[in-house]
Amino acid sequence: MSDFTEESNEFTLSLKDADPATLKSILEIHWERICSRLKIEVGEVEYRTWLQQITLGGIEEDELTLYLPTRFLRDWVRSQYNSKLNQLWNSELSQIRRVELALSAPAETTSIPSETTIANEEIAATQTISEDITIPQQAAQIKNTPQVVTATDSKEEESKLPTQTQLDPRFTFDNFIVGKPNEFAYACSRRVAERPSSPGFNPLFLYGGVGLGKTHLMHAIGFELAKAGNISVSYMSAEKFMYRFIASIRSQSTIEFKEELRSVDVLMIDDLQFLIGKDNTQEEFFHTFNALIDAGRQIIVSADKSPSDLSGLEDRLRTRLGCGMVADIHATTYELRISILEAKAASANVTISPKVMEFLAHKITTNVRELEGALNRLIAHANLFGRPITLEATQEVLHDILKSHERRVTIEEIQRKVAEHCNIRQTDMTSARRARAVARPRQIAMFLAKQLTSRSLPEIGRKFGNRDHTTVMHAISRISELIEKDSAFAEDVELLRRMLES
Ligand SMILES: Nc1ncnc2c1ncn2[C@@H]1O[C@H](COP(=O)(O)OP(=O)(O)OP(=O)(O)O)[C@@H](O)[C@H]1O
């Protein structure tokens, strides 16, 4: 033992002649303080994940030894926290100039291949998952179909290979509604389902915003391929890919994992953007990708952005992803949303009035999943209470969803929407024309402008071709009268109001 007479922040320590027990206590006091600092600096979760298992060793010359129970942990801590540990120990006891990270005896209970230095969050995520792992009970098999291997989002024992299960039968080409925004992606998907691994279509990269049908198309492809012949299809989310990859490292079954993936005919990875920042999993995916493409197998990938916009992915992976067919799914149009609602209502065997459909399609515009959810809620409500699905009921039942879509409306938007609805030109809103065909819509727009904006009567008048505020007052009272008298008219105005609020 070297000559330690050390002054730390709070302690003056004489380690020189300290007997082993005293030395141990001194080190423990410092270690405790260092641990507290580490918890603050790296965060509680990271600390528990990586550092909690460190145990104190002894001091030799100016070197302190810390022990870790597995080679994997030791390598990880060495690669990520070595300088921090050195720095903290050195600031506690300046004569400690080096911290050695070693395996605690008995050596290496878990031997992990040296290639597996996995990014922190990648492992941490797996650890969270593995805490509540259950083994799936049933493994349904597609009748008379070739092997379809899907790693679904159901929890599964981390070291297990994926369960064999059916692809989601709701997601077929037949019930995918095609419109302008998705026709290209649909056509490409159909093509891959008919002739996988065709030049120019491998990989197939589907991208688009949340809930626009990427997963649906992938499952539809998988379903068609599985039906068609002796083709093995593996579908998994990128998240699942990562969990399985790391789980295989932990259970020392990386070779099986690699072999399994590389033996499929079609590999589908959903939501690839999840791999951004997960460098090691990306690397593994890159090798799998190359091996499969080189072997002439089909790869289908989905993401929320195009390969060139997935800036967190490695360049070489992005380049390769963009080498086949890249197909985007655009945001839905009003017409597509109406078609989807009609199809879903028909398949649920319920009749929903066109006004309610229009209202929903106007109101919930960003996400088909949300649109579908709203419709399902309406149907469930109607079944439960035996009430018809009216516009009022819709507004009541979907109160929370609709609220989140509320926004401010401008007078210009009101003019545009009313003009569109009444089939007149928007310029007629400000023109001097007095024919009823344009005067009535103009009055409706003024009425809605008063209801939906905080503009004063003179301000509204100015926006409608510099009209006087008394004209606006007259319009409001005329429309109020008509609403009282004519229920169809009232419903029309109400529909416009709700559409504008959406
Ligand atoms: N064109 C469509 N026709 C019928 N259903 C659709 C269509 N587009 C989306 N859906 C339905 O909307 C829901 C969400 O679609 P899906 O899960 O495929 O979206 P996604 O693009 O994969 O979303 P995420 O980005 O969240 O992964 C599914 O129930 C799907 O069936």
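Is serine 431 buried, partly exposed or exposed? Serine 431 counts as partly exposed because 14 C-beta neighbours lie inside 10 Å, and the class of partly exposed residues sits between the cut-off of 12 or fewer for exposed and that of 20 or more for buried. This assignment, like the rest of this report, rests on a predicted model.

**Confidence**

The protein chain has a mean pLDDT of 81, and 83% of its residues reach 70 or more. Two stretches fall under these values. Over residues 1-13 the pLDDT stays under 50, and the model has 20 contacts beyond four places in sequence for them. Residues 106-117 also have a pLDDT below 50, with 20 contacts in the model beyond near neighbours in sequence. Where pLDDT is low, the predicted coordinates should not be read in detail. The model's scores are ipTM 0.99 and pTM 0.58.

**Serine 431 and alanine 437**

The loop that holds serine 431 runs between α16 (411-422) and α17 (436-452). Alanine 437 is found in helix α17. Alanine 437 counts as exposed, because it has 11 C-beta neighbours inside 10 Å and the cut-off for exposed is 12 or fewer. For each of these two residues, a C-alpha separation to another residue is listed below.

| Residue pair | Separation in sequence | C-alpha to C-alpha distance |
|---|---|---|
| Serine 431 and glycine 465 | 34 residues | 6.2 Å |
| Alanine 437 and asparagine 423 | 14 residues | 9.2 Å |

**The sheet of β3, β4 and β5**

Three strands form an open sheet in the order β3-β4-β5, with mixed pairing. β3 and β5 stand at the edges; each has a single partner strand, so one side of each is left without a neighbour in the sheet. On average, and with direction ignored, neighbouring strands of this sheet are turned by 30° against each other.

The pairing of strand β3 (residues 55-60) with β4 is antiparallel and has four bridges. Within this pair, leucine 64 in β4 is the bridge partner of isoleucine 59. The hairpin of β3 and β4 has two residues between the strands, and glutamate 61 takes a positive phi near 55° there.

On the other pairing, β4 and strand β5 (residues 98-103) run parallel and are joined by six bridges. Leucine 64 stands opposite valine 99 in β5, while leucine 66 stands opposite leucine 101 in β5. Helix α3 packs on the sheet and touches β4 and β5; the direction of α3 makes about 160° with that of β5. Together, β4, helix α3 (residues 71-92) and β5 make a right-handed β-α-β unit.

Which residues make up the covered face of strand β4 (residues 63-68)? The covered face consists of Leu64, Leu66 and Leu68, whereas Glu63, Thr65 and Tyr67 make up the uncovered one.

**Strands β8 and β9**

Strand β8 (residues 233-237) is mostly covered, with four of its five residues buried. Five bridges pair β8 with strand β9 (residues 266-270) in the parallel sense. In this pair, methionine 236 has isoleucine 269 of β9 as its bridge partner.

Definitions and conventions
Residues are numbered from 1 along each chain as its sequence is written. This is a predicted model: local features need pLDDT of at least 70, side-chain atom pairs count only at pLDDT 80 or more; totals for chains, interfaces and linings use all residues. Two strands pair if DSSP finds at least two bridges between them. A crossover is right-handed if, with the strands pointing away from the viewer, the path from the first strand over the helix to the second runs clockwise. Axes are lines fitted to C-alpha atoms, for helices over the stretch in contact, and angles run from 0 to 180 degrees between N-to-C directions. Two residues are in contact if their C-beta atoms, placed from the backbone, lie within 7 Å. pLDDT is the predictor's confidence in each residue, from 0 to 100.
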